[in-house]
Amino acid sequence: MAQTMKIRKGDTVRMISGKDRGKEGRVIDAQPGKRRVIVENLNQMKRHQKPRPMRDATRMGGAQVIPGGILERAAAVDVSNVMLVCPTCKQPTRIGYKVREEHGTPIKVRVCKNEGCGQEIDR
């Protein structure tokens with residue numbers, strides 16, 4: 001059975017634990033099966049990579065090489081370590097669901113659970 005998460009690709013989230021606690025970023029990728037998300041510019045890791053030849057470089061006029069070195073890229077974070085930032089009240093919030101009717105069909109939308117806000121997150 002597929003896992004579901006309340007955080008989706010494109011959401012703005014705030015880290016609530018770890019070395020980047022308090023920082024905000026946009027979700028680049030969501031992995032519901034592993035319950036992990038990759039957040040832009042947060043949880044950076046270093047990867048040492050050797051220079052290697054490019055595939056099909058002969059079409060471009062000769063052997064070309066992808067440069068090596070120390071690369072930094074974002075690593076996956078457990079979804080429990082991030083909290084969605086409400087686009088309306090700009091505060092980290094828990095997420096609730098509300099069913100609304102649109103053209104006679106019920107649609108399930110995410111809503112902000114902050115006191116006094118309650119706005120829809122999905123527009």
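**Entry 1. Aspartate 20 and its partner**

I began with aspartate 20, which has a relative accessibility of 9% and therefore counts as buried, the limit being under 20%. The model I consulted is a predicted one. Aspartate 20 forms a salt bridge with lysine 23, and I noted 3.3 Å between the closest N and O atoms. Lysine 23 is partly exposed, its relative accessible area being 43%.

**Entry 2. Other salt bridges**

I then asked how many salt bridges the structure holds. The count is 11. I recalled that side chains of opposite charge can pair when their charged atoms come close.

I looked up the pair of glutamate 102 and arginine 100, whose closest N and O atoms lie 3.6 Å apart. Glutamate 102 is partly exposed at 33% relative accessibility, and arginine 100 is also listed as partly exposed, at 27%.

Next I examined arginine 110, which forms a salt bridge with aspartate 122 at 2.9 Å between the closest N and O atoms. This pair links distant parts of the chain: arginine 110 sits in strand β12 (residues 105-112), while aspartate 122 belongs to the segment after β12, 12 residues apart. Arginine 110 is buried, with a relative accessible area of 2%. Aspartate 122 counts as buried at 17%. I recorded that salt bridges with shared partners join Arg8, Asp11, Arg110 and Asp122 into one network.

**Entry 3. The sheet**

In which order do the strands of the open sheet run? I found 6 strands in the order β8-β3-β2-β1-β9-β10, with antiparallel pairing. The edge strands, β8 (76-78) and β10 (92-93), each pair on one side only.

Within this sheet I followed β2 (residues 24-31) and β3 (residues 36-39), which pair in the antiparallel sense over 4 bridges. Aspartate 29 stands opposite isoleucine 38 in β3.

In strand β10 I looked up threonine 93. Is threonine 93 buried or exposed? Threonine 93 counts as buried, at 2% relative accessibility. Leaving aside residues up to four places away in sequence, threonine 93 touches Met83, Leu84, Cys86, Cys112, Lys113 and Asn114.

**Entry 4. The largest pocket**

Lastly I turned to the largest pocket, which contains about 230 Å³ of space. I counted 14 lining residues, and those nearest the centre of the pocket are Lys6, Ile7, Arg35, Val79 and Val82. Which strand gives the most to the lining? Strand β9 (residues 82-85) does, with 3 residues. By class, I noted 8 nonpolar, 3 polar and 3 charged residues in the lining.

Technical notes:
Residues numbered from 1 in each chain as written. Predicted model: local features only at pLDDT ≥ 70, side-chain atom pairs only at ≥ 80, totals over all residues. Heavy atoms only, no water. Pairing = 2+ DSSP bridges. Helix = DSSP H or I, 4+ residues; strand = E, 2+ residues; numbered from the N terminus. Buried < 20%, exposed > 50% of the residue type's maximum accessible area, 1.4 Å probe, protein only. Contact = heavy atoms within 4.5 Å. 1 Å grid on protein atoms, 1.4 Å probe; cavity = no way out; pocket = protein on both sides within 12 Å on 5 of 7 lines; lining within 4 Å. Points joined across faces, edges and corners; volume = space filled by probe spheres on them. Nonpolar A, V, L, I, M, F, W, Y, C, P; charged D, E, K, R; others polar. Salt bridge = Lys/Arg side-chain N within 4 Å of Asp/Glu carboxyl O.
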